[in-house]
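Subject: Structure handover

Hi,

Here is the structure we talked about. Please open it next to this email and follow along.

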Amino acid sequence: MNLPSGTLLAQSALSGLFIGGLYGLIGLGLGLSWGLLHVINLAHFGLAFLAAYVCYQLASVGGMDPLATLAIVVPLCFALGVAMHALLMRFRVSPLNSLLATFGITAIIEAGIQSVWTADFRKLESSYAAQKFRIGELFLPLPELLTLAIAVALAFGIWAAMRYTDLGKAMRALAEDAPVASAFGVNARMHALLLAGVCGALAGVAGVCLALTYTLTPAQIYAWVGVVFAAVMLGGLGSPLGPLAAGIVIGVSEALTMAVASPSWAPIVSFTILIALLLVRPGKT
Amino acid sequence: MKKHTSVWHRLGLAVAVTFFAVPVALAQGAQPPIRIGSTLALTGPLASTSLVHKVVGEIYVEQLNKRGGLLGRQVEWIVKDDQSKPDLARTLYEQLVTSDKVDLLMGPYATGAILSAMGVAQRFNKVLVHHTFGIPSLAKYEMQFPAWSLGADPANTVPNTVLDALGALPKPPKTIAVVTSKFPSVHFMSLGAREVAKKRGLTEVLFLEWDFGNLDYGPIAARVKDARPDFVWVGAIGLEGTQLLEAMSKIDYAPPLHFYMYPAPGPMSKSPLAKNALSMTVFEEHPPFTNAAGAAEFISLYHVRAANARIPDTSVEVQAAASYTAWQILEAGVRGARSLDDKAIGAWIKANRIDTIQGRLRFDGPSNYGDDLMRVKQVQNGRWVTVWPKEYAAPGATLQVP
């Protein structure tokens, strides 16, 4: 058996880093919703894909720059996130039931996407797609670099906001003990709706990054669920930095497995890491 | 007197019409339509391709009814959504037979659902004509009939056809990389390609498998680049081939000769990265295929209907042609048997050759498969054209190499 070359390993690790960044970006809003709002929001994936399709539409048909579509997509997803959470609050949906309810919402979003854009493939052809940088023998594609940069910036930005702003502290207090936080004057409903909107907006950003990199079909929504859930659980619920770090660990470990062994072993590696961590540090996720 | 006769003539005519023509017309009108039942994956991961089959079925039934229907009766197509789930397809086919009481069955889309439908058809002794079943060795039921003429042993014949085409090049490939999805109807073909390549003296420099649904093609692309094969056999289905090509492009690599098993037709032909990509076909929109009876009319109708259904790629190729062929086979079977009796229809199809837009098909081989009519096609100037065998090549088209 030939040993893989250094270039192959490094290029594969880069590929894992990039897709790990995307796992982290999608997982960011999901983890916040799960950890702080106690809503296991499967509709986060549906919202991300809806955002991807809106980005596709605005860029392909409307002629907008894909990144400029963020100006429309993010407020739209913020509003949808707020509306969705208001609905869940109205019916006092428990965390476990939120999984079922948001799965239903995902199915509705998928059907809506299919009725507007059909089930056929949609590919956003942008000026970013073909651009890449070269460092020695290694290549860094621009869409993936942008995605990673956005994921890192948002994860650190939200971490800082949670840690250093009154709003962030109030949200953490509500997640910790809502009645006590309310007794101190924190408006639980308003903060929950605001956070749900932020999670929706994060899904919107992830959707634009998906559209930049991937060909879209409605059924692709579900392809991301397993691995992003693993990243969120590995990274810790409610943690802004955790899903990004975990996503990168999963992405790189999968990519290196693909580089040295059979690519079909890659999913085994990521889920083995998750199971091992759950065994080693139970209750930490 | 003349006037009197004329009145009587008119009266006689009215009586005749009342007592003979009207009842006949009423009887014809009162005859219920022949109901053909099927499922399609109208939602779920297979929906993009199923949409093609839906459009083709609608066109065919409309054309059939314009021609007077079948056995003097109009035809109604009942299509249910199996949501890309083979288990649901089985339930729905049972419903079609036992509850909807359809007269005939038409196959669903994709190998898994067809296999489910085949079990139901076998239990109720119904004929099942199907569009694109990918694993002929699993088709055991005697009254199932394939519309996709890929032969009884495609794992052997298809790779041989591809390597025949490449062998005719001034500089044939000496090394091969086989990279493949583990999707069932693709995987066994890729394993066949390994065996055929070995028998033909090609050196295998890489063999890789990935799970269907893989999201990161970067490391696979890097390994292909590292292996430097003369020819890459990509056992891919749907978007996988395009995703691998995109990953290759991101590391500045273009495979010299590259073949894709079942690519999503639109995205690959439209992608500039897919220049000279090879695949297999049973029909493309150029002579000699378009010389088949009905082909030209079907193509022009399909262009309009597919555009109306917002299908981005409106060209007729493997899926649409196989779908149309399936309806042609069923129509020929009913007309040939002059009956809706499934056993009579099945016996007639098995004993006869049927002219379709793919060519003249027979169903008397193993698992009712006939000749292997798979040809090699290539992306040239943003569209698929057949390049091998030469007698099926598009006018002026030859196999292009970098």
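Where does Pro389(B) lie? Pro389(B) sits in the segment after strand S14 (383-388) of chain B. Please keep in mind that this is a predicted model.

Start with the peptide bonds. The bond from Trp388(B) to Pro389(B) is cis, with omega near -5°. Pro288(B) belongs to the loop between strand S10 (278-281) and helix H10 (295-308) of chain B.

Two residues in chain B deserve a look for their phi values. Lys101(B) is not a glycine, yet its phi is positive, near 50°. Look for Lys101(B) in the loop between helix H3 (86-98) and S3 of chain B. Asn368(B) is not a glycine either, and its phi is about 65°. Asn368(B) is placed in the loop between strand S12 (359-361) and strand S13 (375-380) of chain B. Why flag these spots? Most residues other than glycine have a negative phi, and most peptide bonds are trans.

Are these two residues buried or exposed? Lys101(B) has a relative accessible area of 58%, so it is exposed. Asn368(B) has a relative accessible area of 2%, so it is buried.

**The contact between the chains**

How much area do chain B and chain A bury between them? The figure is about 3,000 Å², with 58% of it on carbon and sulfur atoms. Chain B brings 35 residues to the contact and chain A brings 40 residues.

Next, the polar side of it. Three salt bridges are counted between the two chains, B and A. In one salt bridge, Lys132(A) pairs with Asp252(B), and their closest N and O atoms are 3.8 Å apart. There are also 14 residue pairs in polar contact between chain B and chain A, both residues at pLDDT 80 or more.

Which elements of chain B give two or more residues to the side that touches chain A? They are helix H2 (47-66), strand S7 (203-210), helix H7 (218-227) and helix H8 (240-250). H7(B) supplies the largest share of that side, seven residues. By class, the side of chain B that touches chain A has 17 nonpolar, seven polar and 11 charged residues.

**Salt bridges in chain B**

Over all chains, the whole structure holds 19 salt bridges. One of them joins the side chains of Glu62(B) and Arg305(B), at 2.7 Å from N to O. Glu62(B) lies in helix H2 of chain B and Arg305(B) in helix H10 of chain B, so this pair ties together parts that are 243 residues apart in sequence. Both ends are partly exposed: Glu62(B) has a relative accessible area of 33%, and Arg305(B) has 25%.

Arg362(B) takes part in two of the bridges listed here. Its side chain meets that of Asp364(B) at 2.6 Å, N to O. Asp371(B) also forms a salt bridge with Arg362(B), and there the closest N and O atoms are 2.9 Å apart. Arg362(B) is partly exposed, with a relative accessible area of 21%. Asp364(B) is partly exposed at 48%, and Asp371(B) is partly exposed at 33%. Elsewhere, salt bridges that share partners join Arg67(B), Glu331(B) and Arg335(B) into one network.

**Helix H12 of chain B**

Which residues of helix H12 (residues 342-351) of chain B are buried? They are Asp342(B), Ile345(B), Gly346(B) and Ile349(B). These residues cover an arc of only 95° around the axis, so they are on the same side of H12(B). The face turned away from that buried side carries the exposed residues Lys343(B) and Ala351(B). What covers the buried residues of H12(B)? The cover includes strand S3 (104-106), strand S5 (144-146), helix H11 (318-337) and strand S11 (354-356) of chain B.

**One residue in chain A**

Last stop: His85(A), in helix H3 (residues 70-90) of chain A. Why does His85(A) count as buried? Its relative accessibility is 8%, and buried means under 20%. Leaving aside neighbours within four places in sequence, His85(A) is in contact with Leu37(A), Val39(A), Ala192(A), Leu193(A) and Ala196(A).

Best wishes

Definitions and conventions: Residues numbered from 1 in each chain as written. Chains lettered and ligands numbered in written order. Predicted model: local features only at pLDDT ≥ 70, side-chain atom pairs only at ≥ 80, totals over all residues. Heavy atoms only, no water. Buried < 20%, exposed > 50% of the residue type's maximum accessible area, 1.4 Å probe, protein only. Helix = DSSP H or I, 4+ residues; strand = E, 2+ residues; numbered from the N terminus. Arc of directions from axis to C-beta. Contact = heavy atoms within 4.5 Å. Buried area = accessible area lost by both parts, 1.4 Å probe. Salt bridge = Lys/Arg side-chain N within 4 Å of Asp/Glu carboxyl O. Polar contact = N/O pair within 3.5 Å; in protein donor to acceptor, adjacent residues only side chain to side chain. Nonpolar A, V, L, I, M, F, W, Y, C, P; charged D, E, K, R; others polar.
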